[in-house]
Each structure stands twice: as structure tokens, then as C-alpha cells.
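Take a moment with the picture, and then read on.

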Amino acid sequence: MSARRVVVVGAGHAGFTVCATLRTMGWDGELTLIDSDETLPYQRPPLSKKVLAGEQTLADNHFRPRIFYDDHGIGLVLGHRVVAIDRAERAVHLDGHPQLGYDHLVLATGARPRPLPVAGADPASVCHLHTADHGIDLCERIAAGNRVVIIGGGFIGLEAASMAARAGKDVVVFEAAQRLMGRAVSAPISRYFHDLHTGAGVDVRLSSTVSSLQRVANRVELRAGQDRLTADVVVVGVGVVPNDDLAAQAGLGNSDGVLVDAQLRTTDPHISAIGDCARFPRPAGKQPAIRLESVQNASDHARHIAAFIAGEPPSPYDVVPWFWTEQHGRKLQMAGLTAGYDRTEIAETEPDKFSVYCYAGTRLLGCESVNSPKDHLRARKQLAAARSAGAQSAPAVTV
Amino acid sequence: MPKVTYVQPDGARETFDIATGKSLMLGAQSHGVDGILGECGGQAMCATCHVYVEAKDLDILPPMSDEEDAMLEDTASERKPTSRLSCQLEAGDELDGIVVYLPDEQSL
């Protein structure tokens, strides 16, 4: 590929990693990284962990200091929003900044918290946890409050619950589904973490939906079924929505995320999309395309597209997804995607150290490990080996 | 403040004051040292902040957790007896003057 001008929209893990990788690879074209946030690019995982615990500041979580961008010839355009992509001219139009021409455009626009579709869920009453400002705001609100209500028993909500419980707060978690983290993990893992939260004093309410919120003085009154509850802080973590509007306006294919091919290119070959905003095909072919929200996915997508821009021969993206979360001092590491499993095997080495292997028939879908990093790494390798074996014997055989 | 020296694979050395309690990974990043990625944010989850320490320093370093030990099996550059994850090493008086060597590669 002969791109000399690359523009990257979005300075999260995906966008930052594209730029850093291109320079590490020795690519010497013109490189610009744009973000509507004025803050020097930073990483998000610590926001719901060490930042929320008050153990790290935002300054600790910048990917690199400003001088790194100067030294590596990465033009930073911060605090300006891209308002349109002119595909014919190959240029992006920005709010309050001259337009920027590109040979290749990388959309790493990420996602935004899904709003809670409940009356009264306005910014004065509820907090999200997605940006640095959210993290700092929430840390202060939790410190000042007593009862913390979390709406949504997924990773973000439960990490926040864990931190609030550790700070000695009275914590209630509402989860609409029948088990915690149900979209992402197997039933045994949901049960284990449910017990862990309950044991730490968190009031976990499953199959429970908040129907209204009302601000009363400095507190928020909630209704969930017959229950009424008053909270000092309400945290909403009910998933995210991909930032795919820009791509849609430009006429690029999208469907709950920007659609990309196996090379991570959109329906315009001069534009790729990576990280949380991209919906990409699964190597097995038969399963529907997916969108993943994780550091690993963002970083691996970024390295893949950087190699392509730097002139390496195009290859299909094929990496085993992995994720992690930390709650009440337990580390959960997940390799592969376990949704749709029909059988689990549990390997326990000692109490609080175990792995759940999830299968569809005889095929290993993934492995979820609690405080067992060796199992996790072994499973990642095993899943990767199974993929490359599958790729050699096309069409894929399902046992 | 404790001093930490980072040595690139080509021998280039840089020494910085790193605040007590801050990890050598964050210290490297905040000074823009190339070659330490720290992709997981310092949680011993990714093995992209791999460094080699000097053998004489092994005894004064904090013991290695099971997690760090497991992740070091997954580094991009060869694991040696002196391999550590720099996110698990905190700057402090005991480590004042420590020298760490960066590997050729961090990401797989």
C-alpha cells in the first residue's frame, strides 16, 4: 500500500496503537491523530479500577507524554470533532479546524455508553463510566456518598460495585437478566462472582429493572418493581453504542458498528475501521460478524491495519479474543467467545483458583479463568492452534 | 526521588527520577521511553512491559506473583532468569539506581 498521508479518527487504544505501531515499523508518512476530547490520549481500563479506587490519577494513564508525539512526528489534533468525510476528495472536515486530506483514513471512533431508557435518567441523576472525566467525577461522588446504586451487572458495573464496596459504601446492583455478566461469561462464572459480591456485602438484585428515577434534593429516588430505594450515587453500565454515525453519513456500510471485511477495510478501500466501532467477520465464516469491546481487540486490530498501511501483504484478521476484569481482588481472564456453549468442564486447582472450559459439542469455544493465568494462556494458545488447523482444512468442519 | 535507568537494545541509556511507588512501566511511559507498551495499564495481563534486570538486583526485587510468572511465559522476546514485568516493579529507595534493559520486541 502506498499511502503517504494517514489520518486516524479517535485516540483511544485502537487509534493510539495504530500511530505508535506505524512509527515503530519505520513508516515515515504524514500521520495525524484526531480526537474530540482535549485531553492528551489516555487508556480507559484503569478508569473503573485504579482510578476509581483513587490509586491512580489521569496523569498516570496517558499513553505517552506530549513529547512522544512530537518526537515521532504524530500530529495531534485534539478538541476538534470530525463532522464529515468527503470520500471523493479524500478529506475529513472538522469543527473549528482546517480540513485534512488522507490517502488512508482509519476510523477508531469507539463507542459511547448506552443511555438508560428510563424516565429521569439525566446527567444530574446518573453517572456513566467511560471517559476520564466520568472516572474522576464518579470517584468524588462515591467518596462523598453513602449508598451507591449500580444499574447493570456487567463488567463496568461490577468493577464499580467492587470499588464502592471496598470503600465501605452500601452498594446495590440491579441486573435485568437472570445472572451477572450473562452476555459475556458462562453460568458457573456468573454464580461465582455473584457469591463474591454478595459475600462482600453487595446487595445483588437479579431479574430486576429500575422503572423510574427522581432527583430529590441531593439524592436520587429509584423504583424497581415494588421496591423503592434512595441513592447518593447512581452508576449506569448497561452497555455501549458504537460511534458509527460518521461512517453512516459518509455512506459506508454499517449495522450496529461500521462494517469491515477480513482486512478491516470498510466498503471504501481507502477507509478502515478498527476497535469498538468495527463489526468484522469471524474467521470461521459461518457465524455472523461481531463487534468486540476490549483492549485486546483494539490493539490487535490496530497492529493489523498498521502492518497493511506500512506495506505488508494484506492478510485476514484472525486473532483469538481475550478479555479481563478484576472484582474484589479476583482476576477473571477470558479466552475465546463462550456464548452458545452447551457444556462446561471445570478445572479447580485450589479454592478461588479455577477455570471453566466451555464447549459446543467437542469444540472448545473458550476458557474463563479465575486467578489462573497459566490456564488462560494455555487456552489462548490452544484456541489459536485450533483456528489455524481449521483454516487449513476449509471448509470448516464442525464436529 | 529514586533514579531508574532504561537501556535500549542498541545500548542507548536514559535515566529518570521516578516517584516512589510508581511502577517502572508507568515511569517509562510518562518519560516517553520507547519499547515499553504496557497495553493492559499495568495489571500483569499482557506481557508488553517486559524488561531484563541485572542479576545482582534479583534479590532486592519484590517476589514474582503467579500471574507475572505466567505472563512472562508469553513475552515476545525470550524469557530469561532476569525477566520481569516492569508494571510489577515499583520505584523506591531500595531500587534507587536500578538499571533495566529493554527487549527487542514487546508485542506478539
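In this predicted model, six residues of domain 2 of chain A are in contact with 11 residues of domain 3 of chain A, a contact being two C-beta atoms, placed from the backbone, within 7 Å. The domain 2 side of this meeting place has five nonpolar residues, one polar and no charged ones; here Ala, Val, Leu, Ile, Met, Phe, Trp, Tyr, Cys and Pro count as nonpolar, Asp, Glu, Lys and Arg as charged, and the others, Gly among them, as polar. Taken over C-alpha atoms, the centres of domain 2 and domain 3 of chain A are 29 Å apart.

| Domain of chain A | Residues |
|---|---|
| domain 1 | 5-112 + 241-309 |
| domain 2 | 115-236 |
| domain 3 | 329-392 |

Now for chain A as a whole. Of its 399 residues, 47% count as buried, meaning that 20 or more other C-beta atoms, placed from the backbone, lie within 10 Å of a residue's own. Its C-alpha trace spans about 60 × 55 × 35 Å along the principal axes.

Chain A also has a partner: 19 of its residues are in contact with 17 residues of chain B. The side of chain B that touches chain A has five nonpolar, seven polar and five charged residues.

A note on reading the names: residues are numbered from 1 along each chain as its sequence is written, while chains are lettered from A and ligands numbered from 1 in the order in which they are written. Local features need pLDDT of at least 70 and side-chain atom pairs count only at pLDDT 80 or more, whereas totals for chains, interfaces and linings use all residues.

Definitions and conventions
Buried ≥ 20, exposed ≤ 12 C-beta atoms within 10 Å, placed from the backbone. Domains from an automatic or database assignment.
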